[in-house]
Amino acid sequence: MKRCVRWLKPLPLRPRDTVQVVAPAGPFEQAPFEAGLRILSERYAPVVRPDIGASHRYLAGDDARRQEELSQAFLDRATRAIFCARGGYGSSRLLPELPLDKAGPVAFTGFSDLTSIHCALQALHRVSFHAPVLTQLGRQSTQVHEYFFRLLESAEAPPPLTGNATYVPGTAEGVLVGGNLSVFSRLLGTPYMPPLDGAVLLLEDVTERPYRIDRMWTHLRLAGVFSRVRGIVLGDFTACEEKDANYSSADVLRELARDAKVPCAAGFPIGHGAINYPVALGTRVRLDADAARLTFLEGAVSPG
């Protein structure tokens, strides 16, 4: 008999709860950061370190600064959630020293480069939130903000999300894992790859030309990823077109998905596009690829 693994959900947030804002990856522009921080401050009580705006080459400060900031946020029992300033690059450099196994039931949020931290949390069977970073939050609609806050605060399953294309028909149920294709593919062979057997895999990306998408997808195929998952959810692949090509990134993804031979739907408003709906990784979902619909079978937080 197959043993059912119980995933650890964070505690639900409440208005005015203490939350931490961190920058574990790349440096950020101040104006969009402040716009996102204003929205966050209307709901919660964010704590921001004075050195969060540090910059070291392509990183938000050196590894020691970012490591200390993020580790303290995970270990602070008064903190109910962690919000990331920006993606970019750099969070994977911190993985070996992060005390994720000692963290309390805190809600970690972010996407893009933060996929590395999501995957490390999923490897420990912890639920986390693939969601807008602060520099993106200010550009999101009120509807996305409300969906985000509901996801963080309510133990009920959130409303389903709809894509715009069926690549491979069929239905699949499983735990939602994944995130950014580039980051996810680079975790193969590391201890930070999430459990894949029976999972539904979410993938999205930005500014990756079609041949690079093909190369990363083929890497996953050769590693046996698509023989283990039950379904594939494709979010936005933003600015991924080849100039003057007679094919699109969607053409390439459709062909790759058909070769994977598991239910797959595309065009979900998740990722680097104008709309980035948050989803809870580590929760059970049902993918109806024929209807391009992703239904959430449970809430993202514990009952409290």
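Predicted model: local features only at pLDDT ≥ 70, side-chain atom pairs only at ≥ 80, totals over all residues.
View A. The secondary structure comprises eight helices and 14 strands.

**View B. Overall dimensions of the chain.** The C-alpha trace spans about 50 × 50 × 40 Å along its principal axes. The radius of gyration is 18 Å. A compact globule of 304 residues would have a value near 19 Å, so the chain agrees with that expectation.

**View C. Burial and surface.** Of the 304 residues, 57% count as buried. Here, buried means under 20% relative accessible area. The accessible surface of the chain totals about 12900 Å². Carbon and sulfur atoms contribute 50% of that surface.

**View D. Charges across the chain.** The chain carries 34 positive and 32 negative charges. The mean position of the positive charges lies 4 Å from that of the negative charges.

View E. Domain 1 covers residues 18–153. Domain 2 covers residues 161–296. Their centres, taken over C-alpha atoms, are 23 Å apart. To the contact between them, domain 1 gives 28 residues and domain 2 gives 31 residues. A residue pair is in contact when heavy atoms lie within 4.5 Å.

Methods. Residues numbered from 1 in each chain as written. Heavy atoms only, no water. Helix = DSSP H or I, 4+ residues; strand = E, 2+ residues; numbered from the N terminus. Rg over C-alpha atoms; globule rule 2.2 N^0.38 Å. Buried < 20%, exposed > 50% of the residue type's maximum accessible area, 1.4 Å probe, protein only. Areas by Shrake-Rupley, 256 points an atom, 1.4 Å probe, with all protein chains shown as cover. Lys, Arg positive; Asp, Glu negative; His and termini not counted. Charge placed at Lys NZ, Arg CZ, Asp CG, Glu CD. Domains from an automatic or database assignment.
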